[in-house]
Amino acid sequence: MPSLADLQTDVRQALTSGDVTALESVLVGGTRAQGRLAIHQRQYEASLATALLEKFPATGWLIGSAMMMRVAKVFLRAYPPDRPCIAEYGSEFPTFLAAQDAEATLPYLQPFAELEWHVGQVSIAISEAPVAWSQLVCVGAEALPKVGLTLQPGLRHVHAAWAIDDLMKVYLTGSAPDRFTLADTDACIEIKGARGEVQFTRLDPATFLFRTALAMGRSLGDAAERALDRDERFDTAHALTALVVDGLVTALNPETGVDA
Amino acid sequence: MSTWGATADASARRTPRTAGVGLRLPHLAEVVATRPRVAWFEIHPENFLANPHACELLQEVSQHYPISVHTVGISIGSTEGIDRVHLARLRGLVDALEPVLVSGHLAWSTHQGAYLNDLLPLPYDDETLAVVAAHLSEVQEGLGRRYLVENPSSYVGFGSSTMTEAEFLCELVRRTGCSLLCDVSNVYLSARNMGYDPYQFIDALPVNAVHELHLGGFTSEPDEATPGGEVLIDTHAAGVAEPVWELYAHAVRRFGLQPTLVEWDNDIPPFTTLAAEAIRADEVATMTQKDSRALAG
């Protein structure tokens, strides 16, 4: 008889590839027990495919549920979850989806699916207490460039070459018009959400770079440099003030911001 | 053997010996808003750990109801060991909620870095017993409290098993000091699928170790393993079947009044339907107790 570890390897293989030959002589249950393993195979496939479809309903609306289901089943075999909280499963799905039959795929499919992933994440976030302006003032001008900022957990940034936020709004509001023209534009999108609410804001490219750099843990000085490289008119003081006044900063991290 | 007696006794004193309801995400906002008459709620922590908003609402629910935490992701039967990151997250939630019960399954779900999102079967032999007992001790240490182990719903077994499921559970209790969660529907379903007597199974469990009961719905489908036969699937997508209510009465006679959970996880009906199933569970348990006393008196 195989060891427990070998048995589990064989069952894993049967679930993810459908190959039950290694288990034929060891299973019991009914007159042809490997047929019963199909129950576990179906549970594995159906539960994860359903989870993906529920996580990407707008993407399914865009490409059709049949294609979504087909790609979801391929994805879950290639990339089974690696942790038990299924709410965290699927972040790689947009890239995988866009790579399937790439020539026939909508060119904006990947950023649209990525946008939807972020919408899902921010809608279940909760807002944390924001930093007050007085706390920032206490840092001092010399130390300020080295400071990193922690931003609200329900804040994400997506850059796309199409107005995918407009398309997402059409889906979320259930207001699909007879005809919709997707604008070919440079869209720097900020997604802000908490407790079921989601908002989209278009940022100018320099502010977008500033905020994404901060979100990645860069220092204020480094984030400002990136923004200024993009647009020499970028006003760091104004951008910082806007972040604090809008309640988007939840912590100051002296000396922890990463320099370029 | 670990000693979790004091923790278990304290929890048992706070645990209503009545029926509770599984609290799933579609009902969460309604429960917060309306505070329905339900004795207690059970939650699956994996639905909340990655959902801060749901977690926030759950904290509010826990201010008004006893909570039981029933994990589906601990995988005590996996040869690759317990996911310590997940165990630590679970401990954080347990500390925040102070649940009356914490439980999970006699099963495995993780292997070679993959979480297979199902409760998979184990052979019942000495090797598995050593693996599960070691992991169960680690889980109880990690959570700082006694853990209840639930009997699985079975469709297949392994020819290498050297003991019955009930014998395996008895030995697990003896080695680790864990408690048992007897899922009455699983007993019925597994007995039908695997060909044994569900009443004998319940009679074989250690009476003092069973501290919770579960009831859930199943569905029947043609059995691919036995042409012309049927197999029962633990879908939790229907009401409790009549033969299971009868088996539940037998379980109450054997284990006494215990917290009993009504589970419904798929095709979730309006909350009132769940509450009605919980009322029926209480009625069956109370009637059974009265009959038992009358027979004894």
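This is a predicted model: local features need pLDDT of at least 70, side-chain atom pairs count only at pLDDT 80 or more; totals for chains, interfaces and linings use all residues.
Strand β1 of chain A is joined by 2 bridges to strand β8 of chain B, residues 157–158, and the two strands run antiparallel. Within this pairing, A:Leu27 stands opposite B:Phe158 of β8(B).

The contact between the chains draws 44 residues from chain A and 47 residues from chain B. The size of an interface is often expressed as the accessible area that is lost when the parts come together. For chain A and chain B the buried area is about 3900 Å², with 61% of it on carbon and sulfur atoms. The polar side of the same interface can be counted in two ways. Across the interface of chain A and chain B, 21 residue pairs are in polar contact, both residues of each pair being at pLDDT 80 or more. On the side of chain A that touches chain B, at least two residues each come from α1 (4–17), β1 (27–28) and α2 (34–55) of chain A. Helix α2(A) gives the largest share of that side, 11 residues. Sorted by class, the side of chain A that touches chain B holds 24 nonpolar, 12 polar and 8 charged residues.

Side chains of opposite charge can pair when their charged atoms come close. Between chain A and chain B there are 5 salt bridges, while the count over all chains comes to 24. One of the pairs is A:Arg36 with B:Asp223, whose closest N and O atoms are 2.8 Å apart. This pair crosses between chains: A:Arg36 lies in helix α2 of chain A, and B:Asp223 lies in the loop between β11 (219–222) and β12 (230–233) of chain B. Another salt bridge links A:Arg42 to B:Glu224, with 3.7 Å between the closest N and O atoms. That distance falls inside the cut-off of 4 Å for a salt bridge.

Within chain A, the domain assignment gives domain 1 (32–106) and domain 2 (126–260). The contact between these domains takes 4 residues from domain 1 of chain A and 4 residues from domain 2 of chain A. Their C-alpha centres lie 31 Å apart. Domain 1 and domain 2 of chain A bury about 380 Å² between them, and 90% of this area is on carbon and sulfur atoms. On the side of domain 1 of chain A that touches domain 2 of chain A, the residues are 4 nonpolar, with no polar and no charged ones. The salt bridge count between domain 1 and domain 2 of chain A is 0.

Strand β5 of chain B (residues 108–111) and strand β6 of chain B (residues 114–120) run antiparallel and are joined by 3 bridges. B:Trp108 has B:Leu120 in β6(B) as its bridge partner. The hairpin of β5(B) and β6(B) has 2 residues between the strands, and in this hairpin B:Gln112 takes a positive phi near 50 degrees.

How values were computed: Residues are numbered from 1 along each chain as its sequence is written. Chains are lettered from A and ligands numbered from 1 in the order in which they are written. Side-chain values use heavy atoms; hydrogens and water are left out. Domain bounds come from an automatic or database domain assignment. Contact means heavy atoms within 4.5 Å. Buried area is the accessible area (1.4 Å probe) that two parts lose on being put together, summed over both. A salt bridge is a side-chain nitrogen of Lys or Arg within 4 Å of a carboxyl oxygen of Asp or Glu. Ala, Val, Leu, Ile, Met, Phe, Trp, Tyr, Cys and Pro count as nonpolar, Asp, Glu, Lys and Arg as charged, and the others, Gly among them, as polar. A polar contact is a pair of N or O atoms within 3.5 Å; within protein, one must be able to donate a hydrogen and the other to accept it, and residues adjacent in sequence count only if both atoms are side-chain atoms. Helices (H or I, at least four residues) and strands (E, at least two) are DSSP runs, numbered from the N terminus. Two strands pair if DSSP finds at least two bridges between them.
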